[in-house]
Amino acid sequence: MKSTGLLAPDGQTPLREAVFRAGGSGFGGQMRDWHPPSKSVDAALLPVMKQANARTDDVIRNNGIAANGIQIHKDHIIGSEFRLSYKPNWLLLGIKPDKGFVREVEAIFRDIAEDPNCLIDAEGRRTFTMMMREAVETHASAGEIMAKPEWIERRNSPFATCIRMVAPRKVNNPNYAMDKPDLRGGMDINRYGAAEAFYIEEGADNFGVAKTWRRIPKYTRTGRLGFLHVFEPSEGGQCRGVNRFMSSLEQLKMLDTLQNTTLQRAVVNAMYAASIESELGSEQAMEFLFGANQQDGSIERMLMAYGEYYSSNEVKFNGVKLPHLMPGDKINLHSAGNADNGFSALEQSIIRYIAAGIGVDYAQLSKNYAQMSYSTLRAAHNDSWRYFMGRRKIIANRFASQIFTLIFEEMLIRRYITLPSKARFGFYDRRHAWTKSDWIGSGRLAIDGLKEVKEAVLRIEAGLSTYEKELALLGEDYQETFEQQVAEMEERKAKGLPPPSWMKLQALAPDNPNENPNE
């Protein structure tokens, strides 16, 4: 006899063999016909990358929600100025921290980086901060940042090192050749999966210039970076980045169509308040359209008669005048009705999906802060703040540090700076140790400034934080803040003004015991 036993929820698989349902047919067989191929990121991305990125570019240029998503990335990750906080690895270098050397390096770099003549940009259009904002935008829309260091001697520039931003779409295989294990995504790949060189497509788009490909090695013979490429891989062997909009691109396009269709319907309903309906039998209408009368101009004569009648009688609606109509005609009144018809709820649902896909908060993306308390608003912003800080650390800081390393090397070559003599290693022995740095971007948004200042003061007083960290959260450099405070105190003293009164926080703004923390 055939033995029977307990079955899994699908009613077919023996219970003892049941594993993860994700690999089965589902509780009701919903996944029985779902058999996606198992592919690497490159295998899934590279064949469609050009088209997917082009669609992303289109939706960012023409959709306000997508454009706001890009703007949020630039404003929260970079801000109005991206500033160097130089922190050499003193312990590894075997020397004591030298604040004078640090301040000197920061001053030289800031001078060239934020020069209004844009000397750091090969095209002469961007300051360093503008370059970083563009880099963050490119990473969000294309999934990666690409740039080529150039050496351009200029009369008005003390440095020859400058950066040429490269659009990721310009990096592809020569003559659009098929991807191979050692040549894919516009890169020469070695046996370990590392990029050795990049192929840049040259030739202006749509200007009749023949396209050629220039091979750029990743490193020069001296170890200097020859090409900058920054992205965050999600698995081993991945060579190109995936943009943040890829997972919600379909919803963005459909949202655009939905909004336009709803707007058109509302406009049409608002334009026509009334219409005149003429009673013409079906047989007569078909005879007019397809019968013998069509050849003798009957339709034209009928329409001209209608037009002459109503133009001479001046039928009005808002003007009140309503004379008798043509025999058999009647007036239908139209009201706009509910133009929303569930549109708002559907739009919110789609925008929430898009916000989750690109890593930002729904309220930030939609600019809708209605019905949000202080607690919910702060929780949402703190959640997105962690995402922005991850992007800053992994993407923006890495790209900025690569540029700083190139400028630092030229500082040494041109003798703008001299390394401490007792250092254990030279620059070419430990490049990262000499150029290790943090970067200060935009500060965290203050939902309730008073509460957050109190929080910062308490963290400092309890030894859980420092002025450097707290001022960095505000987008400020603590050293400059301290120097400015000293200068202001001395200036007040010189002019006979009383010294600043450093009030106690509770005396300045005492806590309200009846305050609702959720408001």
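Is lysine 495 buried or exposed, and at what relative accessibility? At 60% relative accessibility, lysine 495 counts as exposed, where exposed denotes over 50% relative accessible area, buried under 20%, and partly exposed the range in between, all with a 1.4 Å probe and protein chains only. The structure is a predicted model, in which local features need pLDDT of at least 70 and side-chain atom pairs count only at pLDDT 80 or more, whereas totals for chains, interfaces and linings use all residues. Residues are numbered from 1 along each chain as its sequence is written, and side-chain values use heavy atoms, with hydrogens and water left out.

The protein chain contains 17 helices and eleven strands, these being DSSP runs numbered from the N terminus, with helices (H or I) of at least four residues and strands (E) of at least two. Of the 519 residues in the protein chain, 37% are buried. The protein chain exposes about 31,800 Å², of which carbon and sulfur atoms supply 55%; accessible areas come from the Shrake-Rupley method with a 1.4 Å probe, and for residues only the protein chains shown count as cover. Among contacts between residues at least 6 apart in sequence, 66% join residues at least 24 apart, a contact being defined by heavy atoms within 4.5 Å.

Helix α6, spanning residues 128–142, has 15 residues and reaches 20 Å from its first C-alpha to its last, close to the 21 Å expected at 1.5 Å a residue; the expected span is 1.5 Å times one less than the number of residues. This helix is mostly covered, with eleven of its 15 residues buried, among them Phe128, Met131, Met132, Val136 and His139. Just after α6, glycine 143 adopts a positive phi of about 85°.

Strand β2 (residues 145–151) pairs with β3 in the antiparallel sense over six bridges, pairing being assigned if DSSP finds at least two bridges between two strands. Within this pair, methionine 146 has valine 166 of β3 as its bridge partner. Because five of the six residues of strand β3 (residues 161–166) are buried, this strand is largely enclosed by the rest of the structure.

A further set of four strands forms an open sheet in the order β4-β5-β6-β7, with antiparallel pairing. Strands β4 (183–184) and β7 (212–217) stand at the edges, each with a single partner strand, so one side of each is left without a neighbour in the sheet. Inside the sheet, β5 (residues 187–189) and β6 (residues 195–202) are paired in the antiparallel sense over three bridges, and aspartate 188 stands opposite alanine 197 in β6.

The structure holds 30 salt bridges, each defined as a side-chain nitrogen of Lys or Arg within 4 Å of a carboxyl oxygen of Asp or Glu. One of these joins the side chains of glutamate 468 and lysine 87, at 2.5 Å from N to O. Glutamate 468 lies in helix α15 (residues 467–473) and lysine 87 in the loop between β1 (83–86) and α4 (90–93), so the pair ties together parts that are 381 residues apart in sequence. Both partners are partly exposed, with relative accessible areas of 29% for glutamate 468 and 25% for lysine 87.

Elsewhere, salt bridges that share partners join Asp121, Glu123, Arg125, Arg126 and Glu134 into one network.

Helix α12 (residues 374–413) contains both arginine 386 and aspartate 383, three residues apart, about one turn of the helix, and their side chains meet in a salt bridge of 3.0 Å, N to O. Arginine 386 counts as exposed at 58% relative accessibility, whereas aspartate 383 is partly exposed, with a relative accessible area of 46%. Serine 384, also in α12, is by contrast buried, with a relative accessible area of 3%. Leaving aside neighbours within four places in sequence, serine 384 is in contact with Gly359, Val360, Asp361 and Gln364.
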